[in-house]
Amino acid sequence: MAGFLQQVVQGLGAGAIYASLALALVLIYQFTGIVNFAQGELAMFSTYVAWQCMAAGLPFWVALPLTLVVSFAGGMLIERVIIRPVEGAPELTIVIVTVGLFIFVNAAAGWIWTFLIKDFPNPFPGGALELGGVSLSFSTLGVLGVVALVMGLLYLLFQHTKIGLGMRAVAANPASARLVGIRVGWTLALGWGLAATVGAVSGVLVAPLLFLEPNMMAGVLIYAFAAATLGGFDSPLGAVVGGLVVGVAETLAGAYVGFIGSDLKVGVPLVIILGVLLLRPQGLFGRAAVERA
Amino acid sequence: MSELVVDDLVAGYGDARVLHGVRFTVKQGEVCAILGPNGAGKTTLLRALSGMVRTRGTVTLGGTELSGRSPDTIARLGVAHVPEGRGTFMPLTVEDNLRLGAFVRRGRAEVDSDLDRIYTYFPVLKTRLKQAAGSLSGGEQQMLAIGRALMLRPRLLLLDEPSLGLAPLVTRELFRIVQAINAEEQTTVVVVEQNAHLALGIAQQAHVLETGRIVLSGTAEEIRADEQVAQSYLGYRV
Ligand SMILES: Nc1ncnc2c1ncn2[C@@H]1O[C@H](COP(=O)(O)OP(=O)(O)OP(=O)(O)O)[C@@H](O)[C@H]1O
Ligand SMILES: [Mg+2]
């Protein structure tokens, strides 16, 4: 039993990371209907920014807020410069633009920082909390705590601020939002900025567990897609729940389903994506695309 | 003063022109009805006034130029547009929808007291505050849309077929409220309406729009007395 719980805890830790990137995906999808395939690469790039700050001698807790600010500005800039011109274009065009962004950011990171792996410090202390035979590492607890914090802050922003109300209005009905005086273009840019910031958090959480290198987020992105699909692409809460479920499912499948092991684990998110799309396309928390006219 | 002056207004979608030089004036505090058959360009006219479509020509409100500005700027200048289809923020609560109407205003206390004012016009909304707006009935959504527009404290209110899809009783009630609003707040109103009876009942001036041109203008009485209009829009002969 303790062994099983241990696997669950480990799964939650991994899941929290998927959740954070899924959250970034959902933030953009909600506002724009765009699935940003470059989200993982932007997170990776942000992580390099943090690494660069630390390489320049800044302590982690200074480098982090700096990175978040840079990421926010970068996200907004990308929306204004790259996404804005294709706003309203057919879906395929936008998909190709974000895939292009993926390749570009990946190559840029390789060009600036090389493809050699780099060590990234773990901001959380080593060691673990022992609880009834289950060991909760501070690292896992830290990751869970950070994701809970991000979720809480987003909730406050959306539900209890005027900017948040404006953002929800734009997500619900952009034409109508314009008519009540909301500057929709800037709101979309704000959404991209927020998503890039949340993505940066997930990159900084992933880097200490893997190594920092330009392809670091590729795997995570697939899990994040599974998480967002499972939770519903238009539901931030769904993204988090979806992330945790995917993390646990993947870990348990790897540990207990003989033929999966650690090699086939990456098949788990694909199975989840397929299953959800077949059975409940809007995801667990998503709204089905039917509304009263 | 917020007199609306529309001069030589041309508008359309892409290359397709819909309005061909529309010209009319609405005096401060008056209600102006726009009548016309389907596809005449009535909705496009309102969209042109609120900046939703590209235009040529001039539109001024109390001397301030509206033409060439974006919808959000025009809203900030005091124009509230209740669009065709009502423009409800479906997943948001009724209260959020109303507060969004006042998005560009400052002063929380004032906005709160305006909410209460809306509830006196539309008591049913007060009983639905925390409900998703998408779950309201058509009539309730139309009330919500008008309430949302009023939250701006508009100088100019644009209404696009408020009666669409509503029961006759609800429609009459709605027009009564629009008339009360116009009387109490001195809001200038442009209303597009299929139900010419009701529209002419609350309007001082009216214009008939056909294929993008105003073909007939006059006071509400004159338009009502016009034989052609009577046949086409009122369903009886004078
Ligand atoms: N979004 C659009 N894109 C292209 N053409 C449009 C668009 N909306 C309306 N039109 C065209 O513009 C013309 C006028 O349409 P509009 O909606 O203004 O008419 P209307 O008088 O409001 O009609 P109704 O009484 O049916 O609401 C029509 O020929 C219509 O096909
Ligand atoms: Mg119309």
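Predicted model: local features only at pLDDT ≥ 70, side-chain atom pairs only at ≥ 80, totals over all residues.
Figure 1. A:Phe37 and A:Phe225 form a tilted aromatic pair, with 5.4 Å from centre to centre and 50° between the planes. A:Phe37 belongs to the loop between H1 and helix H2 (39-55) of chain A, while A:Phe225 belongs to helix H9 (residues 216-231) of chain A, so the pair ties together parts that are 188 residues apart in sequence. Ring pairs also join A:Tyr29, A:Phe37, A:Phe225 and A:Phe233 into a cluster.

**Figure 2. The aromatic pair of A:Phe31 and A:Phe158.** Over all chains, the structure holds ten aromatic pairs. In the pair shown here, the ring centres of A:Phe31 and A:Phe158 are 6.3 Å apart and the planes meet at 45°, so the pair is tilted. Distant parts of the chain are linked by this pair, since A:Phe31 is in helix H1 of chain A and A:Phe158 in helix H5 (residues 138-160) of chain A, 127 residues apart. Both A:Phe31 and A:Phe158 are buried.

**Figure 3. Lysine charges over aromatic rings.** A:Lys118 lies over the face of A:Trp51, at 5.0 Å from the ring centre. In a second case, the ring of B:Phe103 has the charged end of A:Lys162 over it, 5.3 Å from the ring centre.

**Figure 4. The largest nonpolar core and the surroundings of A:Met217.** The largest nonpolar core has 87 residues, and those touching the most other members are A:Leu23, A:Phe120, A:Leu154, A:Ile182, A:Met217, A:Val246 and B:Leu100. Helix H1 (residues 2-32) of chain A gives the most to this core, contributing 13 residues. Another core, of 47 residues, lies apart from the largest one and includes B:Met143, B:Ala145, B:Leu159 and B:Ala199. Leaving aside residues up to four places away in sequence, A:Met217 touches A:Leu21, A:Gly40, A:Glu41, A:Ala43, A:Met44, A:Ser202, A:Gly203 and A:Val206.

Figure 5. The magnesium ion is coordinated by OG1 of B:Thr43 and OE of B:Glu84, at 1.9 to 2.2 Å. B:Thr43 is part of helix H1 (residues 42-49) of chain B, and B:Glu84 is part of the loop between strand S6 (79-82) and helix H3 (94-101) of chain B, so the pair ties together parts 41 residues apart in sequence. B:Thr43 is buried, with a relative accessible area of 12%, whereas B:Glu84 is partly exposed, with 41%.

**Figure 6. Contacts of B:Thr88.** B:Thr88 is found in the loop between S6 and H3 of chain B. Its relative accessibility is 3%, so B:Thr88 counts as buried. Not counting residues up to four places away in sequence, B:Thr88 touches A:Asn173 of chain A, together with B:Asn97, B:Ala133, B:Gln141, B:Leu144 and B:Arg148 of chain B.

**Figure 7. Strand pairing around S4 of chain B.** Strand S1 (residues 4-13) and strand S4 (residues 55-61) of chain B run antiparallel and are joined by six bridges. Within this pairing, B:Asp7 has B:Thr58 in S4(B) as its bridge partner. S4(B) also pairs in the antiparallel sense with strand S5 (residues 64-65) of chain B, over two bridges. Here B:Thr60 stands opposite B:Glu65 in S5(B). The hairpin of S4(B) and S5(B) has two residues between the strands, and B:Gly62 takes a positive phi near 55°.

Definitions and conventions: Residues numbered from 1 in each chain as written. Chains lettered and ligands numbered in written order. Heavy atoms only, no water. Donors = N, O, S within 2.8 Å, 3.2 Å for Na, K, Ca; no water. Helix = DSSP H or I, 4+ residues; strand = E, 2+ residues; numbered from the N terminus. Buried < 20%, exposed > 50% of the residue type's maximum accessible area, 1.4 Å probe, protein only. Core = buried A, V, L, I, M, F, W, Y, C linked by side-chain atoms within 4.5 Å. Contact = heavy atoms within 4.5 Å. Pairing = 2+ DSSP bridges. Phe/Tyr/Trp six-rings, centres within 6.5 Å; stacked < 30°, edge-to-face > 60°. Lys NZ or Arg CZ within 6 Å of the ring centre and 35° of its normal.
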